[in-house]
Amino acid sequence: MKLDAALVCDRGLSPKRPINEDRALALVDRGLFVVCDGIGGHSSGEVASQLAVDTIEEALGHANGDDTDDMENVLENALRYANRDIFEASFATDEYFGMGTTVALLHASVATEKAVIGHAGDSRVYRFDGTSLHRETYDHTDVEDLLRTGRLSHDQALLRGKQNTINRALGIEAEVQAEFKTIPLVEGDTFLLCSDGVNRHLADDELEELFQDGLSPTELVAEIKRRCYARGAEDNLTAIVVATGETRESTTRRRRSTRPMTSNGSRA
């Protein structure tokens, strides 16, 4: 199995957002992929998102190898450190006060065939299994919480529109409770990490159709950006596509295993 990835991290078109507060990290050789969407408006959201990306990358560098069985704990600590760094920095100057960032991350280990997914806020992680698109994260927003508990219907949620407050993010409070899970890393699966600047323009069913077209990661992120721009690109937009594919060795093994059997039981 091998990993192939591509990303786009773009300011968008809105004059109300002159600075790109999104940040992205794609370390294919380490299997680490991160999307952060800075929040706080004029309170230096881009500083918070950059601090988060830097801290997560540094924390992974101190881990005992890329494929430790304790990777979920390593990344949970990384987000804890990032939250601390942003929270403390927000009190350093008035300019930084109130800054924070969402985060969505994926650690894909080819060696252990495991994927760790973590997030805080409304940046998302999706998984495409070759047929269907699955959202692997739930937004940490007031509306999503009401949906999950059954106190709000999907139709009622649509009526609320943009009145959807984030209730969890890095740096806003002294402690943050990020959500994590570990799932099997299956050859042929493709992941999408994105900020809300993507899913505000592309619904899940449209993303699923896009992935069903069989495009490469580079083609996928380019098409995602093109569609967001065609619809106004009202927010900063970031997308990372991570594809798991066959290596030459696995392809050879698969071909050998599907050769017809001869009468003596050997492969033809």
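Helices and strands are here DSSP runs, at least four residues long for helices and at least two for strands, and are numbered from the N terminus. The model is a predicted one.

Q: Which residue just after α7 takes a positive phi of about 105 degrees?
A: Helix α7 covers residues 217–230. Just after α7, the residue with a positive phi of about 105 degrees is G232.

Q: How many residues does helix α7 have, and what distance does it reach from its first C-alpha to its last?
A: Helix α7 runs over residues 217–230, which is 14 residues. At 1.5 Å a residue the expected span is 20 Å, and the helix comes close to this, with a reach of 20 Å.

Q: Why are the buried residues of α7 on the same side of the helix?
A: The buried residues of α7 are P217, L220, V221, E223, I224, R227 and C228. They are on the same side of α7 because the arc they cover around the axis is only 160 degrees.

Q: Which exposed residues does the face of α7 turned away from its buried side carry?
A: The buried residues of α7 pack against β1, β9, α5, α6 and β10. The face turned away from that buried side carries the exposed residues T218 and A230.

Q: Is A233 buried or exposed?
A: A233 lies in the loop between α7 and β10. Its phi is near 40 degrees, a positive value in a residue other than glycine. Most residues other than glycine have a negative phi. With a relative accessibility of 0%, A233 counts as buried.

Q: What is the relative accessible area of E113?
A: E113 is placed in the loop between β4 and β5, and its phi is near 55 degrees, a positive value in a residue other than glycine. E113 is partly exposed, and its relative accessible area is 46%.

Q: Which strands stand at the edges of the open sheet?
A: The open sheet has 5 strands in the order β1-β10-β9-β6-β7, with antiparallel pairing. The edge strands each have a single partner strand, so one side of each is left without a neighbour in the sheet; they are β1 and β7.

Q: Which residue in β10 stands opposite C194?
A: β9 and β10 pair in the antiparallel sense over 5 bridges. The residue of β10 that stands opposite C194 is A239.

Q: What angle does the direction of α7 make with that of β1?
A: α7 packs on the sheet, where it touches β1, β9 and β10. Its direction and that of β1 make an angle of about 20 degrees.

Q: How far apart in space are G12 and N236, C-alpha to C-alpha?
A: G12 is found in the loop between β1 and β2 and is buried, with a relative accessible area of 3%. Leaving aside neighbours within four places in sequence, G12 is in contact with Y229, A233, D235 and L237. G12 and N236 are 224 residues apart in sequence, yet their C-alpha separation in space is 4.9 Å.

Q: How many aromatic pairs are found in the whole structure?
A: Ring pairs link F87, F91 and F97 into a cluster. The rings of F128 and F211 also pair, with their centres 5.7 Å apart and their planes at 45 degrees, so the pair is tilted. In the whole structure, the number of aromatic pairs found is 3.

Methods. Residues are numbered from 1 along each chain as its sequence is written. This is a predicted model: local features need pLDDT of at least 70, side-chain atom pairs count only at pLDDT 80 or more; totals for chains, interfaces and linings use all residues. Side-chain values use heavy atoms; hydrogens and water are left out. The expected span of a helix is 1.5 Å times one less than its number of residues. Buried means under 20% relative accessible area, exposed over 50%, partly exposed in between (1.4 Å probe, protein chains only). The arc is that of the directions from the helix axis to the C-beta atoms. Contact means heavy atoms within 4.5 Å. Two strands pair if DSSP finds at least two bridges between them. Axes are lines fitted to C-alpha atoms, for helices over the stretch in contact, and angles run from 0 to 180 degrees between N-to-C directions. Rings of Phe, Tyr and Trp (its six-membered ring) pair if their centres lie within 6.5 Å; planes under 30 degrees apart count as stacked, over 60 as edge-to-face and the rest as tilted.
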